[in-house]
Amino acid sequence: MSAPRSPMKTAAQLESVQEQPTVVIKVGTSSLLRTEAGTLHLSQICTLCETVSRLTRAGVRVVLVSSGAVGAGMFRMGLTEKPREVAKKQALAAVGQVHLMRYYEDIFNTIGIKCAQVLLTLENLSNRKQYVRARNTFNALFDMGVVPVVNENDCVAVEELRFGDNDTLSAQVAALCEAQWLFLLTDVDGLYTSNPNTDPDARRIEVVENINELDVDVGGAGTSVGTGGMVTKLTAARIACAAGCKTIVCLSSNLEKDVEACVLRGEPVGTAFLPAKIAAKGKKKWLLAVPIQGEIGVDRSGASAVLRGMPLLTSHVTRCEGSFRVQECVRIVNEDGQEIARGLCNYNSAVLVDTAKDYGLAAPMGTIMEDGWVDDEDGPPECMHANNICVTHVETLKKSFTFSDFLGAGYDSNESRGASPGPGTSPRQSHEDHEDNE
C-alpha cells in the first residue's frame, strides 16, 4: 500500500528538483524563421523564451528542442534553396546552430535564465552507455537550474543513424528525461482528419487514445526549409506515449497561452495523445531509441502474447521484411499491419525465415502451414525475449495531467505499477536506481 499523500505544496516549497514535473517543448523551423524575409522570427523566439522562463519559475523543468539550424544557416549564407549535398547541409547546420544559440543565450540571459546547448545523434541514444550518460547530463543540468536547448548534431550524424526530424528527437528526449508533457509546436492548431487548407470538411481531433485507430490523411512534408510534417508528429507521439509522456500538437503562435494553460491549469489545447497507463521503463524504454532495421509480422496469438508481456515465439512469425542482424531492433506488426511493439531479435533476417519454416510457419509473405511443432517437446525457440520487447500499442491513461498532480510530497511516479519508493527516496531517484540495474 502506498504512503498517504502529504498536504499539497506550492512550487516554491518543493524540497527537491526531482519532485518537479518535466516539459519538453519542440519548436519547428517554420516557427523560428521568417522565410519570406530570410531572417529569424525574433518576436516568436522571445515569446518562446519568456514562456520557458515562466514555467521554470513555476517549478517546472523545461527542455527546449529547437529546429532551424540549417534554415538559419541558409539565411546567413544568402541561400534561398536547401542544397542536396549532405556535406553542404551539415555545413549550413554548423553556421546556423551558433547563430541560433547566440540569440537563445542573449534572450535567456536577459530574463535571468541560464541555458545550455545539447547536441545529440541517434547513435548516442542507441548506445546504452551513452544513453545513460546523456540522461545523467540532463539531470545535472536540471539540478543546476539550467534549461537544455537540444538539437540534432547534424555535422557528424550519418544518414543511417539520424533522427531525421526533430519531432522524433523531441520524443526520444522526452522519454530520456521521463517528461510528463511533450509539446510539438507547429503551424496548425492540432491534428485534423485531412488537410484543413484544402478540405473545408476537415475537423480537428481533440484527443487520441489509440494511434492505430486513427483514420486521417497526413500526407505531405513540412516547409521548404524544414524536414517535418504531421506524419513525423504521429511517429513522435507513439514513442513518447509509450514512455508515459502526454503529447500535445498545438499552434506555435499560441504557445504563450496554450503551453501554460495545459501544464499549469490542465486546460485542453490542440490535439492530445494520451500516455500509456503503464509506461516503458529501464531497458524497454531505451529500446524506443534504438534504430529499427526491419519488420516482422505476427499472427493473432503472437500479437496477444506480446501485448501480455510474454516472449515472441518463432511459431507466431508470419512474415519478415528488411535485412537485420542478431540483436538488432525490429518492428512487430499485427495481422492488420499495425505496429504493436519493437524488440531485439534473436535471429538475423535470413535465419529467422528458415527457422520459421522449420516450425511449420509460412514463407515470408505466406500463411501459416498446418503441420506445427507438436512433436518438439521444448516448443519453438524464442524469436524475442520478453525483456527485449517494448510495447508501443498500449492502453492509455484516460486522464489529463495537471501541474497540481506533481506538487504533493507523496507523489509516486510508480503508483500505476503498484510500487512506491522507499522512505527518504525521491520517486525519480528510485526509478533511476532501478533503471541502472537493468
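This is a predicted model: local features need pLDDT of at least 70, side-chain atom pairs count only at pLDDT 80 or more; totals for chains, interfaces and linings use all residues.
Glu295 belongs to strand β13 and Arg331 to strand β16, so the pair ties together parts that lie 36 residues apart in sequence. Glu295 is buried, because its relative accessible area of 16% falls under 20%. Arg331, at 25%, is partly exposed.

Both residues also belong to a network of salt bridges that links Arg238, Glu295, Arg319, Glu321, Arg331, Glu339 and Arg342.

## The sheet around the pair

Strands β13 and β16 are part of an open sheet of 5 strands, ordered β15-β13-β16-β17-β19, with mixed pairing. The edges are held by β15 (317-321) and β19 (389-391); each has a single partner strand, so one side of each is left without a neighbour in the sheet. From one strand to the next, the twist averages 25 degrees.

Strands β16 (residues 329-333) and β17 (residues 339-344) run antiparallel and are joined by 5 bridges. Within this pairing, Val330 stands opposite Gly343 of β17. Helix α11 (residues 300-307) packs on the sheet and touches β13, β17 and β19. The direction of α11 makes about 70 degrees with that of β17.

## Other salt bridges

The structure contains 16 salt bridges. One of them joins Glu335 and Arg300 at 3.5 Å, N to O. This pair links distant parts of the chain, with Glu335 in the loop between β16 and β17 and Arg300 in helix α11, 35 residues apart. Arg300 is exposed, at 64% relative accessibility.

Lys88 forms a further salt bridge with Glu85, the closest N and O atoms being 3.9 Å apart. Lys88 is partly exposed at 48% relative accessibility, and Glu85 is partly exposed at 41%.

How values were computed: Residues are numbered from 1 along each chain as its sequence is written. Side-chain values use heavy atoms; hydrogens and water are left out. Two strands pair if DSSP finds at least two bridges between them. Helices (H or I, at least four residues) and strands (E, at least two) are DSSP runs, numbered from the N terminus. Axes are lines fitted to C-alpha atoms, for helices over the stretch in contact, and angles run from 0 to 180 degrees between N-to-C directions. Contact means heavy atoms within 4.5 Å. A salt bridge is a side-chain nitrogen of Lys or Arg within 4 Å of a carboxyl oxygen of Asp or Glu. Buried means under 20% relative accessible area, exposed over 50%, partly exposed in between (1.4 Å probe, protein chains only).
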